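Biologist: I am new to this structure and would like to learn how to read it. Could we go through it feature by feature?

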Amino acid sequence: LRSPALDQLQELHLSFHPHILPSPMMPRSAMRFASTLLVATFSFCEFPEDAAQQLQFPNLQHLELTSVTISEDSLHAMVAGYPALDKFVLGYIRGSSLGPQVPLSALHSLSNIRIAKFQGCQFPEGIVHQHQVHFPNLQSLELALVTISEGSLHAMLSVCPALNSLKLVYSTGFRQFKINALKLKYVEMYFSDSDADKLQELIVENAPCLETLHHEGPREDNM
């Protein structure tokens, strides 16, 4: 990573083996590409405690973090101050547990970006209203293997006025899903065979632009 041949690097994908414990530290040499990177993905690594002061990527457009260990301050520094950031992905490899809570700083970051995906995490009850988060520019949202209550899901969608694509992939915590979005065109939903994970009621309340509705669930689903 210190080679002069990489001085103008625009895309960096840095991943370690998921079973290495503790997680390897992200090489500090990777931070030298801050001024040129457009795409950055980091997986199964740990960010230094002082990373917040060094993570300034003015041209970054796509940031993806998978099962990384990072402080709230560093995550906020990576996401909130990037004027060019267009896509943000935050994922965890979930085992039998519900997964970690989504960091509040990650939600606040959505105020500027168009595309977001959360995977393998849980949304605390009331996190949207209590912290007054708002996603005015978000156009595409995917929640995969996420635990989120019915109230939090509807509250989150209510503060996404530009949303036109929504994908729910084996996410749990809600039995009813109400579509009430003026610009939403595409909805894709997948549910497992578990009784606890079935969608019982789907209500299309106000979606004048809806063009595609895809629902895939168990055969005995009585929705």
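Biologist: Which strands does helix α4 lie across?

Modeller: Helices (H or I, at least four residues) and strands (E, at least two) are DSSP runs, numbered from the N terminus, and contact means heavy atoms within 4.5 Å. Here helix α4 (residues 150-158) lies across β5 (115-119), β6 and β7, and runs at about 165° to β6; such angles run from 0 to 180 degrees between N-to-C directions, with axes as lines fitted to C-alpha atoms, for helices over the stretch in contact. This is a predicted model, in which local features need pLDDT of at least 70 and side-chain atom pairs count only at pLDDT 80 or more, while totals for chains, interfaces and linings use all residues. Residues are numbered from 1 along each chain as its sequence is written, and side-chain values use heavy atoms, with hydrogens and water left out.

Biologist: In what order do the strands form the open sheet?

Modeller: Two strands pair if DSSP finds at least two bridges between them. In this model nine strands, paired in parallel, follow the order β1-β2-β3-β4-β5-β6-β7-β9-β11. Because β1 (11-15) and β11 (212-216) stand at the edges with a single partner strand each, one side of each has no neighbour in the sheet. Five bridges join β6 (residues 140-144) to β7 (residues 165-169), and Ser 140 has Ser 165 as its bridge partner in β7.

Biologist: Is Ser 29 buried or exposed?

Modeller: Buried means under 20% relative accessible area, exposed over 50%, and partly exposed in between (1.4 Å probe, protein chains only). Ser 29, in the loop between β1 and β2, is buried, because its relative accessible area is 12%.
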